[in-house]
Amino acid sequence: GSSVVSYGDSLVLAVTPEPGYHVADVVVDGFSVGPVEQYTFRHVDSDHTVMAGFTINGYVITPAVVGTGGTIQPSGPVDAMYSSDTTFLFLPSGGYHVDSVWIDDAWTGNPAGYRFTAIGSNHTVRVRFAPNRYTIGAWAGPHGRIEPSGMVAVEYGAHLSFLIVPETGYSIDSLFVDGVLVEHPGSSYRFDSVTTDHSIRVGFLRIVV
């Protein structure tokens, strides 16, 4: 409103934005004095006008993928207005999964996405993807061995060979892979480009001369 000032006195005006806003410009007697938050009229000897303009705060959310194996949507720095909401989705590539997510450097588990609500500051979001892991169960009957044996962990897309070694005086009798008999088994078996769990089981037979 209007303020009455006696001749020669001074008047200090405070320019105060609401929460989430900032001073865009202050215009005194038709001339900009910049985005100041205080202006002083000194030794007033005439009428004056002052106008202030305000702008909503804008923030930046910066997403990043640690390593490879997927993407974040939206990607790149994302502009966000004060009190707005923004959702990020973490999209693994085939054979990968979300391993870890950090929001503003704080670990938050491995969610499929994250929603910033009532934004009031800059933020960062980082996600790390990891290859899916599968298990190959390998067992050998008496009088021989399979290497490696037991429950063997394999990453998505990897290759793994198993060595089949009969004891002296024995030969391979049968080889089952995922429950299916393998015809004419050799001394090794290789799983290529693993994308699921598997099993391999070998039996041995005494050599009769």
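Trainee: What makes glutamate 155 partly exposed?

Mentor: Its relative accessibility is 38%. Buried means under 20% relative accessible area, exposed over 50%, and partly exposed in between (1.4 Å probe, protein chains only). So with 38%, glutamate 155 counts as partly exposed. Keep in mind that this is a predicted model, where local features need pLDDT of at least 70 and side-chain atom pairs count only at pLDDT 80 or more, while totals for chains, interfaces and linings use all residues. Residues are numbered from 1 along each chain as its sequence is written, and side-chain values use heavy atoms, leaving out hydrogens and water.

Trainee: And why is arginine 133 called exposed?

Mentor: Arginine 133 has 53% relative accessibility, and the cut-off is over 50%, so exposed is the word.

Trainee: How do you know that glutamate 155 and arginine 133 form a salt bridge?

Mentor: The closest N and O atoms are 3.6 Å apart. A salt bridge is a side-chain nitrogen of Lys or Arg within 4 Å of a carboxyl oxygen of Asp or Glu, so the pair qualifies. Glutamate 155 sits in strand β16 (residues 150-155) and arginine 133 in strand β14 (residues 133-140), 22 residues apart. Strands here are DSSP runs (E, at least two residues), numbered from the N terminus.

Trainee: What makes aspartate 99 and arginine 128 a salt bridge?

Mentor: N to O is 3.0 Å there. Aspartate 99 lies in β10 (residues 96-103) and arginine 128 in β13 (residues 123-131), so this pair ties together parts 29 residues apart in sequence. Aspartate 99 has 26% relative accessibility, so it's partly exposed, and so is arginine 128 at 33%.

Trainee: Which residue does aspartate 85 pair with?

Mentor: Arginine 115, with the closest N and O atoms 3.3 Å apart. Aspartate 85 is in the loop between β8 (78-81) and β9, whereas arginine 115 is in strand β12, 30 residues away. The whole structure has six salt bridges.

Trainee: How do you know that β9 and β12 pair?

Mentor: Two strands pair if DSSP finds at least two bridges between them, and four join β9 (residues 86-92) to β12, so they pair. They run antiparallel, and threonine 86 has phenylalanine 116 as its bridge partner in β12.

Trainee: Why are β7 and β12 called edge strands?

Mentor: In the open sheet β7-β9-β12, β7 (70-73) and β12 (113-116) each pair on one side only.
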